[in-house]
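Take a look at the strands of this model and how they pair.

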Amino acid sequence: MDSSQPIASKTGKKFLGIHFLGCNTYGRLYPNKEKSHYVGRCPRCGLTLKVKIGAHGTDERFFRSTCLMNRIGSVSPKY
Ligand SMILES: [Zn+2]
């Protein structure tokens with residue numbers, strides 16, 4: 001963490017890559033206005049995801065998340 005800078009820093013844009021396991025798809029999370037969280041949505045099911053930024057948040061650049069929308073099944077049943 002001392003010597004390695006995030007890859008995205010060279011572009012001036014920070015984001016997290018994320019793998020949505022539930023939908024088996026990839027997306028990105030970007031910092032919100034307050035720079036307190038990375039926020040993004042699963043491109044398939046629309047699940048909103050928040051990851052805290054900060055010293056006690058995360059330095060990771062890649063995440064995995066399980067989308068639970070499919071399990072809840074409140075959107076639309078699949079026939
Ligand atoms: Zn999803």
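In this predicted model, strand β3 (residues 37-41) pairs with strand β4 (residues 48-52) in the antiparallel sense. The pairing runs over 5 bridges. Gly40 stands opposite Leu49 in β4. The hairpin of β3 and β4 has 6 residues between the strands. Gly46 takes a positive phi there, near 80°.

Now turn to the other partner. Strand β2 (residues 25-31) also pairs with β3 in the antiparallel sense, over 2 bridges. Tyr30 has Val39 in β3 as its bridge partner. These two strands, β2 and β3, form a hairpin with 5 residues between them. In that turn, Lys35 has a positive phi of about 60°.

Which residues of β3 point to the buried face? The side chains alternate along the strand. Tyr38 and Gly40 point to one face and are buried.

Next comes strand β1 (residues 16-20), which holds Phe20. Is Phe20 buried or exposed? Phe20 is buried, because 23 other C-beta atoms lie within 10 Å, and the cut-off for buried is 20 or more. Phe20 touches Thr25, Gly27, Cys42, Ser65 and Cys67, leaving aside residues up to four places away in sequence. Phe20 and Thr66 are 46 residues apart along the chain, yet their C-alpha atoms are separated by 5.6 Å.

Note on methods. Residues numbered from 1 in each chain as written. Predicted model: local features only at pLDDT ≥ 70, side-chain atom pairs only at ≥ 80, totals over all residues. Buried ≥ 20, exposed ≤ 12 C-beta atoms within 10 Å, placed from the backbone. Helix = DSSP H or I, 4+ residues; strand = E, 2+ residues; numbered from the N terminus. Pairing = 2+ DSSP bridges. Contact = placed C-beta atoms within 7 Å.
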